[in-house]
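Subject: Structure handover

Hello,

Here is the structure I said I would pass on. My notes on what turned up in it follow below.

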Amino acid sequence: MLQTEFEVQIKRLPGNEDIHIPAKMSDLAAGFDLYAAVDEPLTLGPGQRVLVPTGFAMALPPQLEAQVRPRSGLAYKHGLTCLNSPGTIDADYRGEVKVLLINHGNHGFTIERNERIAQMVIQYVPEVKLVEVDELSDTERGEGGFGHTGTK
């Protein structure tokens, strides 16, 4: 039977006692919001990217990974999104969680301390064994890809 509840250990890093730990903003939210642990306001100009600290590290169980994703409101209203999205945090990583942000907007965006900057979705990772073969089974789709079904 698939385990459906896991414990993830969160450790606040020194100097970040005031930073919120990841939190869900509603009962049915899939993601935990992540907060900026910047020492001073950081303005990200159009086209610029920056690695933003979150002030915490964590220990995921071996069956899980965390995905860092953009917050839809920041993307829609300001053009702020995550580069390398979703970013994967593996179960064996113990360093500070950081968010790689890029400003695709037309104006600078200032990130304040404790501002919600991204979300983290934790996913189950099944044990997978890759098996090399000489031939693959046929399907109706075959090798069709990259828009092969058209737009209408």
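Pro-86 sits in the loop between S7 and S8; strands are DSSP runs of E of at least two residues, helices runs of H or I of at least four, and both are numbered from the N terminus. A cis peptide bond, with omega about 0°, links Ser-85 to Pro-86. Asn-84 belongs to the loop between S7 and S8 as well. Asn-84 is not a glycine, yet its phi is positive, about 60°. Another such residue is Asn-114, with a positive phi near 70°, in the loop between S10 and S11. For background, most residues other than glycine have a negative phi, and most peptide bonds are trans.

Before the rest, some notes on the source. This is a predicted model, in which local features need pLDDT of at least 70 and side-chain atom pairs count only at pLDDT 80 or more, while totals for chains, interfaces and linings use all residues. Residues are numbered from 1 along each chain as its sequence is written, and side-chain values use heavy atoms, with hydrogens and water left out.

Is Asn-84 buried or exposed? Asn-84 counts as exposed because its relative accessibility is 59% (buried is under 20% relative accessible area, exposed over 50%, partly exposed in between, with a 1.4 Å probe and protein chains only).

The pocket

Asn-84 is also one of the residues that lie nearest the centre of the largest pocket, together with Val-68, Gly-87, Lys-98 and Leu-100. A pocket here is an open set of points on a 1 Å grid over the protein atoms alone, where a 1.4 Å probe fits, with protein on both sides within 12 Å along at least five of seven lines; lining residues have an atom within 4 Å of a point. The lining of the largest pocket is made up of 14 residues. The elements that supply two or more of them are strand S8 (87-89) and strand S9 (98-103). By type, the lining has 9 nonpolar, 3 polar and 2 charged residues (Asp, Glu, Lys and Arg are charged; Ala, Val, Leu, Ile, Met, Phe, Trp, Tyr, Cys and Pro are nonpolar; the others, including Gly, are polar). The volume of the largest pocket is about 230 Å³, taken as the space filled by probe spheres set on the points, with grid points joined across faces, edges and corners.

The core

The largest nonpolar core has 25 residues. Such a core is a set of buried Ala, Val, Leu, Ile, Met, Phe, Trp, Tyr and Cys residues joined through side-chain atoms within 4.5 Å. Those touching the most other members are Leu-34, Val-52, Met-58, Val-99, Leu-101 and Ile-117. Two or more residues each come from S4, strand S5 (56-59), strand S6 (64-69), strand S7 (80-82), S9, strand S10 (109-111) and strand S11 (116-124).

Leu-101 lies in strand S9 and is buried, since its relative accessible area is 1%. Beyond its neighbours within four places in sequence, Leu-101 is in contact (heavy atoms within 4.5 Å) with residues including Val-50, Val-52, Leu-80, Cys-82, Ile-111 and Ile-117. Leu-34, with neighbours up to four places away again left aside, has contacts that include Val-68, Val-99, Ile-117 and Gln-119.

Polar side chains

Asn-103, in strand S9, counts as buried because its relative accessibility is 0%. Which backbone oxygen does the side chain of Asn-103 reach? That of His-107, at 2.8 Å; a polar contact is a pair of N or O atoms within 3.5 Å, where within protein one must be able to donate a hydrogen and the other to accept it, and residues adjacent in sequence count only if both atoms are side-chain atoms. Pro-46 is in the loop between strand S3 (42-44) and strand S4 (49-53), and at 46% relative accessibility it counts as partly exposed.

Gln-119 is in strand S11 and is partly exposed, at 23% relative accessibility. Its side chain reaches the backbone oxygen of Pro-70 at 3.0 Å.

Regards
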